[in-house]
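Please look over the sequence and the model shown here before reading on. The report that follows begins with the whole chain and then turns to a single residue.

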Amino acid sequence: MVDVNSSHASAERILDPSLAGRPIVVLSNNDGMTVACSTEATGLGFKKVMAWFEIK
């Protein structure tokens, strides 16, 4: 079994190491819904399947 709860956020950190330790929320291309949240973002109350307008 593989845990992929925040895999998109982890991939962003690999591409941009300056994001280490910062909250990351990844949005989908089509509908502006969150598809991944880092542990730091989850601790701030963000969760998957939130609309961008709710986050702003």
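## Charges, fold and one serine

In this predicted model, the protein chain carries 5 positive and 6 negative side chains, and the centres of these two sets are 5 Å apart. The chain contains three helices and two strands, which follow one another along the sequence in the pattern α-β-β-α-α.

The overall dimensions can be checked against a simple expectation: a compact globule with 56 residues would have a radius of gyration near 10 Å, and the value for the protein chain, 11 Å, agrees with this. Taken along the principal axes, the C-alpha atoms fill a box of roughly 25 × 25 × 20 Å.

| Property of the protein chain | Value |
|---|---|
| Buried residues, out of 56 residues | 21% |
| Contacts joining residues at least 24 apart, among those between residues at least 6 apart in sequence | 20% |

Where in the chain does Ser38 lie? Ser38 belongs to the loop between β2 (34-37) and α2 (39-43). Ser38 counts as buried because its relative accessible area is 2%, whereas the cut-off for a buried residue is under 20%. The side chain of Ser38 makes a polar contact of 3.1 Å with the side chain of Glu40. When neighbours within four places in sequence are left aside, Ser38 is in contact with Ser6, Ala9 and Arg13, and also with Arg22, Pro23 and Ile24.

Definitions and conventions:
Residues numbered from 1 in each chain as written. Predicted model: local features only at pLDDT ≥ 70, side-chain atom pairs only at ≥ 80, totals over all residues. Heavy atoms only, no water. Helix = DSSP H or I, 4+ residues; strand = E, 2+ residues; numbered from the N terminus. Buried < 20%, exposed > 50% of the residue type's maximum accessible area, 1.4 Å probe, protein only. Polar contact = N/O pair within 3.5 Å; in protein donor to acceptor, adjacent residues only side chain to side chain. Contact = heavy atoms within 4.5 Å. Rg over C-alpha atoms; globule rule 2.2 N^0.38 Å. Lys, Arg positive; Asp, Glu negative; His and termini not counted. Charge placed at Lys NZ, Arg CZ, Asp CG, Glu CD.
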